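My notes follow the order in which I looked things up.

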Amino acid sequence: MPLRTSLRRAASRAAARDAAAALAREAAAAGGQVLVFCRSVADAVATAEALERALADLPRRPDRDAARAAAARRATDGDVRAALGRAGARAAFHHGRLAPESREAVEAAYRAGAVSAVALSLIHI
């Protein structure tokens, strides 16, 4: 792939992550939640990190901390456990490479409102 095309794509993905983060922040500030569909596993992880940064300074919801902590304990993938286990975590990622227990933990945290945003990839690339 030519460097020029590669850089254009990278810039486009970064812009897409920024736009998703802005929308997630707006939704979370209003008490809502967001699912962000990504093109790849790497994009899902990078987008979850951007979402977490965008949501970090919103007021915490201590009533949801217990649900997030319970989900973190069920996760078997270290990255998911670490992401959900952080105090005040707001975002997570979900993809097909995760162990079933970790996918279920992220899903449970989202259903319980313990995370405001989940970046996910439906494919394994």
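**Surface and overall make-up.** I began with the accessible surface of the protein, which comes to about 7,000 Å², 56% of it belonging to carbon and sulfur atoms; the areas come from the Shrake-Rupley method with a 1.4 Å probe, and for residues only the protein chains shown count as cover. I remind myself that this is a predicted model: local features need pLDDT of at least 70, side-chain atom pairs count only at pLDDT 80 or more, and totals for chains, interfaces and linings use all residues. Residues are numbered from 1 along each chain as its sequence is written, and side-chain values use heavy atoms, with hydrogens and water left out. Of the 125 residues, 41% are buried (buried is under 20% relative accessible area, exposed over 50%, partly exposed in between).

**Sheet.** I found five helices and three strands, counted as DSSP runs (H or I, at least four residues, for helices; E, at least two, for strands) and numbered from the N terminus. The strands form an open sheet in the order β1-β3-β2, with parallel pairing (strands pair if DSSP finds at least two bridges between them). Its edge strands are β1 and β2 (91–95), each pairing on one side only. I then looked at β1 and β3 (residues 117–121), which pair over five bridges; V36 has A119 in β3 as its bridge partner. Helix α2 (residues 41–55) packs on the sheet and touches β1, β2 and β3, its direction making about 170 degrees with that of β2. Contact here means heavy atoms within 4.5 Å; axes are lines fitted to C-alpha atoms, for helices over the stretch in contact, and angles run from 0 to 180 degrees between N-to-C directions.

**Salt bridges.** How many salt bridges does the structure hold? I have three in my notes, each needing a side-chain nitrogen of Lys or Arg within 4 Å of a carboxyl oxygen of Asp or Glu. R13 meets D43 with the closest N and O atoms 3.5 Å apart. R13 lies in helix α1 (residues 3–29) and D43 in helix α2, so this pair ties together parts 30 residues apart in sequence. D43 counts as buried because its relative accessibility is 11%, while R13 is partly exposed at 33%. R17 also bridges to D43, at 3.7 Å between the closest N and O atoms. R25 and D57 make a salt bridge too (2.7 Å, N to O).

Methods:
Buried means under 20% relative accessible area, exposed over 50%, partly exposed in between (1.4 Å probe, protein chains only).
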